[in-house]
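Student: I am new to this structure, and I would like to learn how to read the way its parts pack together. Could we look at it step by step?

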Amino acid sequence: MSAVAPPVGGNGRRVWWRRLRRTTAAMILVLVATVAASLIWVRAASAGRIYTLDDVPARPVALVLGAQVFADGTPSPFLQARLAMARDLYRAGKVRAVLVSGDNMNFGYNEPDAMRAWLIAEGVPSAKVVADYAGFDTSDSCQRAHRIFGATSLIVLTQSFHVRRAVALCRDAGIDAIGVGDDSVAVYRASWKRALVREQGATVKALIDVVTGQDPTHWGPRETSLDEAVRSEIK
């Protein structure tokens, strides 16, 4: 005959609830501290490195971070805004080459080719646009820009809510990075608000990746295409 546990008395329930409350409170404190630490890190790492399109200093390379591409291959408004900044910087002579870095993990979905095609259609010479097909997130794009494509100094282009994290991650990857953030697509209010919420979680993940030394999803051999694009005299 199996033993039956005695019923838990009032004192036992009170002890259990106290332990649960303490554990919950401790978890909340850890979460709040982690979020605060990630925001402080991003702010410190990007301090003095965020510019407008007009006042950003020249750098050899513009790094355009990927975003959604529609089924017909058209870049989403968020991505078009990033690409437009790269186009304008190239036209102004502030960058000599553009590195477009995005997701091409799944067959039939290709951010870098869509980004490259858009820039070429806007008049940026094809020899000046280099594609990274394994920029699956911001950290991957920054690390690969340095370790695979050899970038040491660049302007990273994205939306304003994202640019400080992007600069911080590129600097952690060993790049002298500055950034320009776009606000023009804030008119898409619902998408903008969702992105702001996601950015909080992404900032925490970024700090964890930095602390743990997380490697990119995909490595590869050193590529010279960006070096060649920077050196090219094509206008």
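Tutor: Axes are lines fitted to C-alpha atoms, for helices over the stretch in contact, and angles run from 0 to 180 degrees between N-to-C directions. Helices (H or I, at least four residues) and strands (E, at least two) are DSSP runs, numbered from the N terminus. This is a predicted model, in which local features need pLDDT of at least 70 and side-chain atom pairs count only at pLDDT 80 or more, while totals for chains, interfaces and linings use all residues. Residues are numbered from 1 along each chain as its sequence is written, and side-chain values use heavy atoms, with hydrogens and water left out.

Student: At what angle do α4 and helix α5 pack?

Tutor: Two packed helices are described by the angle between their axes and the distance between the axes. Here α4 and α5 (residues 160-172) pack at about 40 degrees, with their axes 9 Å apart. That makes α4 oblique to α5 (angles under 35 degrees count as roughly parallel, over 145 as roughly antiparallel, 65 to 115 as roughly perpendicular, and the rest as oblique).

Student: Which residues of α4 meet α5?

Tutor: Contact means heavy atoms within 4.5 Å, and Thr138, Ser139 and Cys142 in α4 meet His162, Arg165, Ala166, Leu169 and Cys170 in α5.

Student: In what order do the strands form the sheet?

Tutor: Strands of a sheet pair through backbone hydrogen bonds, either parallel or antiparallel. Two strands pair if DSSP finds at least two bridges between them. In this model 6 strands form an open sheet in the order β1-β6-β5-β2-β3-β4, with parallel pairing. The edge strands, β1 (50-51) and β4 (129-132), each pair on one side only.

Student: Where does helix α3 touch the sheet?

Tutor: Helix α3 (residues 111-121) packs on the sheet and touches β2, β3 and β4.
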